[in-house]
Amino acid sequence: MAAPSMSEKARKRKLDENNALHRNDNVKECKSEALSFDGFQLKKIINDLALQKTIMVHGQCQDNQDAVVILEKKAFLESDVREILSGSTVLRQTLKNDIYHTYDCDISPSVNTVKGTLIYPATKRHIEKYTKHEPFVIQETAEDYQNITLPCLQSQAFSIQWVYNILEHKCESERIVYENQDPLNGFILLPDMKWNRTDMDSMYLVAICHRKGIKSIRELTQEHLPLLRNILQQGQEAIRTNFGIAAWKLRVYFHYQPSYNHLHVHFTHINFEAPGSGCERAHLLCDVIDNIESNGSYYQRKTLTYVLYENDQLFSEHKKVGRFDHVENE
C-alpha cells in the first residue's frame, strides 16, 4: 500500500475571523470575558524591562489570591501614527537645541493601549519565574543532564495543562494557523501571545508537537527527524501562505532550557529580536536536524551551554556539586 499523501496526513487551517466567531463548541472552556483590574492590590514590581517596554508586577485580586500581571507597550501601527500626528495630540516640549526638538506626547487613549497578561491564581513558582534575578552561564555535560538536570526538572515541573488544552482544541482553536494531525509527527502552529498579529516585522508563532513526552532537544534522536522536518517545512509554508513571509525571513529555533517541558518550536521574523533568540538559549531547527542526521545521539552526548538564574532550583542543584562556588563573593 502506498504511503498516505501529505494532504491525507495534514490539514491546513487558515485563520478566518468571521468563522472564528461561530466556533463556540471548541472554546467553551476558555470563554472571553469583559474584566477590569478593579480591586487589584499591587504588592511589588518584580521586573522592569526597559528595552522591551515591559513591566511585571506581583499583586492580589479581590479574593486575595496572588497574581502576576505583565504589562507591555504595543508596537505602533500605521493607523496609530496617523492619529498621533494630528491635532488630537498635545505636545509638551522637553528639549530644544538648534533643529532638534523633543516632546512628551499626550496621545489619544485609542492609540495608547497596553497589552496585559494575567497569571491567576499564581503560585510562588510563577512569581519567582517572572522576578528579576542574576544570570549565570553554565556548561551542562551529558552526565550533568542525567544526574542533575533531569531529576530536578522531573521533581518540579510546571503544569502544562494549558498546552494539552490547545492540542485537544479545548482552548484557542480559533487561533490555529495550521495543523498536521498526525499523533507522532504532527503539530499545531499558532501565534505566540507576544505578537499582536498585525505587525509582520514582529511576527511570532509557536509550533506545538502533538506527541507527548519529549521535554527538550536533549531527548531528540533520529526517530524524531520526520517530526522535525514536518515542523520546519510545513511551518514555513503555512507562514508564507497565511502571512506572505518567505522562509528566508524566518528565524526557526528551540529554546534550551525551554520555558515548559513539552517540545515546541519558535518561528519569529528575522527583524524581531525576540526574548531568548540569542546564542545563549536558541538552537536553530535546521542545525538541530543537521546535527541529528550526522549523529543520531548528538544531543544525548553534547555539552550544552545556557543561562541559569540564581532563583532557579536547577541553579541550586548545580551549585551543590561545586559550580558557582564564588557567587557570594562577586
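**View 1. Aromatic pairs.** The structure, a predicted model, holds eight aromatic pairs (ring centres of Phe, Tyr and Trp, the last by its six-membered ring, within 6.5 Å; planes under 30 degrees apart are stacked, over 60 edge-to-face, the rest tilted). Among them is Phe-37 with Phe-40, edge-to-face at 5.7 Å centre to centre and 75 degrees between the planes. Phe-37 is partly exposed at 47% relative accessibility (buried is under 20% relative accessible area, exposed over 50%, partly exposed in between; 1.4 Å probe, protein chains only).

**View 2. The pair Trp-162 and Tyr-260.** The ring centres of Trp-162 and Tyr-260 are 4.8 Å apart with planes at 70 degrees, so this pair is also edge-to-face. Trp-162 belongs to helix H6 (residues 161–167) and Tyr-260 to the loop between strands S12 (250–255) and S13 (264–269), so the pair ties together parts 98 residues apart in sequence. Trp-162 is partly exposed, at 40% relative accessible area, whereas Tyr-260 is buried, at 12%.

View 3. S3 (residues 54–60) and S4 (residues 66–73) run antiparallel and are joined by seven bridges (strands are DSSP E runs of at least two residues, helices H or I runs of at least four, numbered from the N terminus; pairing needs at least two DSSP bridges). S4 also pairs with S7 (residues 114–119), antiparallel, over six bridges. Val-68 of S4 stands opposite His-58 and opposite Ile-119 in S7. Five residues lie between the strands of the S3 and S4 hairpin, where Asn-64 takes a positive phi near 70 degrees.

**Notes.** Residues are numbered from 1 along each chain as its sequence is written. Local features need pLDDT of at least 70 and side-chain atom pairs 80 or more, while totals for chains, interfaces and linings use all residues; side-chain values use heavy atoms, without hydrogens and water.
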